[in-house]
Amino acid sequence: MLRLLARIVLAAIGGAMLATAAFAHATLLDSDPAEGSVAARPPGELRLAFNEPVTPLAVKLFAPDGREAEVTATARDNDLLVTLPADAGAGTYALSWRVASADGHPIGGTTTFSIGHASSRAAAAPEASAIAPLLWLARIGVYIGWIGGVGGAFFLMVIAGGRRPAVADRAVLGLIGVGAIASALSFGLQGLDAFGKGLGDLGSAAIWLAGLKSGYGATLVTGAVALALAAGALRFPTSRLAAGTASLALLTVAAALTLSGHASTASPAWAARPALALHGAAAALWGGSLLPLLILVSTRQPQAGRIAQRLSGLLLPTVALLALSGLTLAFLQGVTIASLTGTAYGRLLGGKLLLVLAMLGIGAINRRILVPKAATGDGVALGRVLMVDVCLLLAVLAVVAGWRFTPPPRSLAAAAAASHRHATMLHIQTARGMAMVQFSGQAGLDIWLTGADGRVLTAREVRLSLANPAAGLEPMRRQATLATLGRWHVDGLTFPVGGAWDLRLDVLISDFDSLSFEGKLVVP
Amino acid sequence: MTKTRLAALGAAALMLASPALAHVTLEAPQATAGSTYKAVLRVPHGCAGAATLKVRVQIPEGFIGVKPMPKAGWTLDIVKGKYDGSYQLHGNTVTEGVKELSWTGNLPDDYYDEFVFRGTLTDAFAAGSTVYFPVVQQCEGDKTERWIEIPADGKTADDYESPAPGVRIVAPAK
């Protein structure tokens, strides 16, 4: 009985094998746009031609900046059609595909093509997006709300106190309003930036949610709380409650600043974050006082001179705090004299320093000459100078907002260190020989092969395969060309993401003999 | 009897586990050292859709007395040469013989075919080892498929894209 059963099972297995034996794996025959080609405009659709019908399993498009874009793939006859985003920007794209053959066996690969011009990931990353100017403007608006609005409320409630003209309240409320609107818009813009989308997608809820969830989202929410507190402070009937709320708003702004941004991530965090909070609070205290004071002076409030004097006394320690915390941050960010002119971050810092120095100079004149004069009732000159000060402050905020787009020198140094590692070789040793792989330029690899005897390995063919399973990238396969004796070269590579890539070299020695080398290639 | 049945079931399970259906493979996946082996090379497809024009097999060292089976429509070529070692075949010492076989013809991608040769697996092969027959498939348009990957230690043919067809040597039945 058992024997019969075994025979039946064997027969069934044999039959199954016979039935499937004639099936083959699908093979990619062609692609349009072709592998490595450069199209003038977005092709709209990518066609992968196989030798048999396939079923898409996972298709991912990696944009030039390394972000994954959503695509849909449909199978038609022997082709796989992938709809590409119509608004695809210039640069090199990588399409990772995994399909099932008719026999159910999955096969995969990565096809690269370029729009406009070829780019490597490293070169493409700093490319400014179309919404960058809006992001910048929104950030200026947020700073106006925090510095001018919250700082202004603090000045009116805590430093000035007492009676004040309604126009001062309205002006500060206006600044708070600017900050609130800019904060709200920032969520959407931040989301667009994260997804690499254009303004047209601003209607999508996912975009706003992404902005809310981003690191900057927490900062914006906290900042919005500060704005609300400041607005409330202006409305509170009792001066003590108002002063307390305005102080709390100022502290909240300081806290908000530490939640995101380049400076908050500088190490050590125990130094960077308090320095940043102090810097923000001091800036709000100083910057926020300018406009309300200007209003007090120009509306010829009797107490304006006295208040200016009080502020003047307060500003000396404030400026000292500002300078000290600023220097600490600059040090932590790796700023050197050379990087002040050599990097975009440094140039912005230099510009900011010049503007702040001008403000300090004006402050000194105010303190020595104009404030005492205003105290005696002549506030005209002080008013004019304060006007200049407000303009300078606006310029400072504009410069500071520009930092969002520039990595600080410490990051650049880290990137340089990474590219140095990048320059070191990958050695793969096997029983039959050794392969050395090294980056050459942005998009190329040089390969040296030696046999077990230590001599140059004479190969007929060298094939390279690079995959990043962790990022869901199927293997890119390239044929290497013999550049000089012993050195093989592969060009036009695109690494949509960094990290450790699985590298495999298939080296054909003779018709029937090949050897392979496998290793991890670290892409910064 | 029970032993044989278990072995047969084991072999069947091995066959089932192997996903090598789309590869060039040998029909009989195992053989006994010192026995005659009829190698049936199964070619399931061409090179990326192109028709196969030539099938070349490298004869591994230790597989001697090789004779290919003629095939209608295909021209046979035999490359002979010296072996690395010397072997005993029916009381004679053999030091040279077939090193490579090739069939030249035309097999469209849509068709399946088999290429047959036979020889003796000498005692040079230990039970448990695998003998590989690297195959090069040459197709129209200068396309080539090479089934020549020999698994490294600790790996199996399944770990490779184009493994060489192999036959596992088992101990002779007592």
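Predicted model: local features only at pLDDT ≥ 70, side-chain atom pairs only at ≥ 80, totals over all residues.
Local features need pLDDT of at least 70 and side-chain atom pairs count only at pLDDT 80 or more, while totals for chains, interfaces and linings use all residues. Residues are numbered from 1 along each chain as its sequence is written, chains are lettered from A and ligands numbered from 1 in the order in which they are written, and side-chain values use heavy atoms, with hydrogens and water left out.

In chain A, helix α8 (residues 269–298) packs against helix α12 (residues 380–401) at an angle of about 150 degrees, their axes 9 Å apart. Axes are lines fitted to C-alpha atoms, for helices over the stretch in contact, and angles run from 0 to 180 degrees between N-to-C directions. Helices are DSSP runs of H or I with at least four residues, strands runs of E with at least two, numbered from the N terminus. α8(A) and α12(A) are therefore roughly antiparallel (an angle over 145 degrees). Where they meet (heavy atoms within 4.5 Å), α8(A) contributes residues including Gly287(A) and Leu290(A), and α12(A) residues including Leu382(A) and Asp389(A).

Ala48(B) has a positive phi of about 45 degrees and lies in the loop between β3 (36–43) and β4 (52–58). At 16% relative accessibility, Ala48(B) is buried (under 20% relative accessible area, 1.4 Å probe, protein chains only). Asp142(B), with phi near 60 degrees, is in the loop between β10 (135–139) and β11 (144–147); at 78%, Asp142(B) is exposed (over 50%).

Note on methods: Parallel < 35°, antiparallel > 145°, perpendicular 65-115°, else oblique.
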